Amino acid sequence: MIWLIEYTHYQKKIDPELATIRSDYLKIKRYKRDQLIGRCAPVGKRVYAIGLLRLATILHRNDVDVKYYDFETINSLLDDGFTAFPDVVAFACVCPTAPLCAEMAKRIKSVSPKTVLLLGGIHVNLCPDETRKRFPVFDDLCIGYELDAAEKLCGKDLRQVDDIYADYSLLPFPLTEYSINTFTTSGCPFRCGYCSDGRAPLFKASENGQLNILKQLLPEKTMVHFFDSVLGYSTEGARAVCRAIKGTGHNFILSCDMRADLLTKELISDLKDAGFSEIRMGVESGDQELLDRNNRTLKVNGFMEKLQMVRDYSDMYIALYSIVGLPGTSESSVGITMDYFDRILNQGYADEIKNTQYVPYPIQGVDHEKRGVYLLTEDWSKYDRQSFPVYRTDELSAEQLWEMYLRTARSINFSWLKSCGFRSYDEIPFVDSPYEEYMENTYMLKEKRK
Ligand code: B12
Ligand code: SF4
């Protein structure tokens with residue numbers, strides 16, 4: 001018997017100032033989305049790891065006795081004195097949860113010394129040697145993807161299953177309790193300097209994101225997000241995905257991540273036709289020099305043209321991702337970026353800008369110092385996008401980076417508020433609840449706004 005434990009998200013208390021900024025952000029977001037998209041079915045609070053679920057499915061289809069758990073359940077079992085752990089327990093982690101998996105593994109080892117403990121997931125694939133060294137509690141690491149990873153996990157050759165899918169019935173809770181993420185392709189054919197998605201192998205999953213199955217399990221108007229690094233890998237690939245999605249006859253509210261330079265007017269119409277209400281694109285920064293330094297090929301002007309094209313050919317909600325703290329960030333680049341974002345929001349080029357922090361995740365063979373990034377702590381549990389920076393750059397200290405992150409977030413909120421016609425957060429008409437997104441589920445926003 002093998003137990004798989006999903007530990008790719010976790011609960012963490014965030015800085016009170018950031019919590020205030022985020023709660024303002026979620027308030028405007030609720031208002032704006034209600035206006036432009038309308039209400040969706042209630043959002044589930046749980047998170048599943050579709051990669052781990054695919055492994056569980058491969059094992060199950062090969063008659064391996066396997067169970068998928070979330071980390072909260074295992075914590076409760078341990079707290080209650082449970083000792084009957086199976087022969088093998090394997091964890092899926094991301095960088096900040098690797099130390100948490102190790103803590104849990106130690107607790108399991110202490111009550112069930114014979115259980116073989118394994119660690120897998122994206123972080124293990126990106127940084128195997130250092131992870132092995134730091135966490136000797138694991139009997140082994142499971143490096144690899146899909147069938148290859150499943151074989152390492154159970155230690156035997158498995159029957160080839162060429163149509164790998166995620167069997168949602170293997171999840172411990174009903175699917176309606178989860179927020180729904182899906183994908184059609186893994187990995188990314190591009191190589192932006194700040195991102196590791198291009199290091200995952202390219203492989204294709206179901207072209208319609210399994211909407212044909214999800215349709216039978218979820219209510220109408222459920223929000224479903226496609227997280228492909230690059231939808232369909234190309235414009236033509238994305239158009240094929242749209243056709244496949246349309247063919248399912250779903251009635252969901254769809255969003256997808258999209259690389260702006262792939263957009264054509266035909267693709268925009270196809271996205272709309274397939275039922276996409278929202279597209280999310282990386283704007284990252286408004287400073288061309290900074291973007292060049294980080295290998296971003298799409299120019300600032302070209303990006304604006306793409307936004308205009310989406311406006312001209314659809315009524316999709318446009319959300320943008322920005323990153324503060326890329327190598328080369330300075331007072332001046334942050335100033336340029338805040339002005340640029342103000343223009344984007346107030347001239348109606350986009351409906352939302354999500355502000356995140358750059359985090360230099362450890363990647364074997366990559367020397368961050370060569371890019372002007374110097375790590376200040378080796379504690380991986382702090383490597384998340386909401387905590388105080390774990391690094392400094394040639395140009396800025398960690399304190400300055402943090403201050404610029406908060407300043408940019410505040411400025412985006414204010415520009416956004418203004419673009420909605422309000423001068424203060426109190427002017428936003430009463431909404432029953434702030435917008436719910438995974439941040440709210442996983443980070444504890446206990447601090448109230450003063
Ligand atoms: C969807 C997603 C989310 C979703 C859902 C997470 C989930 N549980 O699935 C949400 C929005 C919740 C999320 C949150 C975060 N995420 Co995220 N997320 C992704 C995303 C877009 C897709 C992940 C995915 O499902 N990939 C597809 C599957 C098939 O691949 P996979 O997960 O790698 O799994 C395969 C293998 O790794 C392996 N495998 C996986 N697990 C295991 C376990 C075992 C035992 C074995 C043998 C093998 C194995 O087999 C799988 C099948 O092939 C990736 C980026 C990307 N495009 O991959 C980022 C990514 C995984 N996220 C990342 C991060 C950092 C986070 C956050 C920590 C960010 C933050 N806010 O600080 C948060 C978590 C915060 C919190 N407090 O909860 C990073 C991880 C970086 C790293 N080096 O660890 C990534 C890579 C993004 C990036 N480029 O920086 N995320
Ligand atoms: S930022 Fe986007 S396009 Fe660039 S490597 Fe990452 S996923 Fe690919």
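1. Helix 2 has 12 residues and reaches 16 Å from its first C-alpha to its last, close to the 16 Å expected at 1.5 Å a residue. The expected span is 1.5 Å times one less than the number of residues. Helices (H or I, at least four residues) and strands (E, at least two) are DSSP runs, numbered from the N terminus. Just after helix 2, D63 takes a positive phi of about 60°.

2. This is a predicted model: local features need pLDDT of at least 70, side-chain atom pairs count only at pLDDT 80 or more, and totals for chains, interfaces and linings use all residues. Residues are numbered from 1 along each chain as its sequence is written, while chains are lettered from A and ligands numbered from 1 in the order in which they are written.

3. pLDDT is the predictor's confidence in each residue, from 0 to 100. The chain's mean is 94, and 97% of its residues reach 70 or more. Over residues 445–450 pLDDT stays under 50.

4. How many residues of helix 2 are buried? Nine of the 12 are, so helix 2 is largely enclosed by the rest of the structure. Buried means that 20 or more other C-beta atoms lie within 10 Å of the residue's own; exposed means 12 or fewer, and partly exposed is in between, with C-beta atoms placed from the backbone. Among the buried residues are G51, R54 and L59. Their cover includes strand 1 (2–7), strand 3 (66–70), strand 4 and helix 7.

5. Ligand 1 is surrounded by 45 residues; the closest are H9, G51, G120, C142 and D384. Near means a C-beta atom, placed from the backbone, within 6 Å. Helix 2 gives the largest share of this shell, five residues. The shell divides into 25 nonpolar, 13 polar and seven charged residues. Ala, Val, Leu, Ile, Met, Phe, Trp, Tyr, Cys and Pro count as nonpolar, Asp, Glu, Lys and Arg as charged, and the others, Gly among them, as polar.

6. Around ligand 2 stand residues including C188, C192, C195 and R259. This shell has five nonpolar, three polar and three charged residues.

7. The largest nonpolar core has 70 residues, and M258 and I353 are among those with the most contacts inside it. Such a core is a set of buried Ala, Val, Leu, Ile, Met, Phe, Trp, Tyr and Cys residues joined through C-beta atoms within 7 Å. Helix 14 (residues 398–419) gives the most to this core, with eight residues. A second, separate core of 52 residues includes I74 and Y391.

Key
Contact = placed C-beta atoms within 7 Å.
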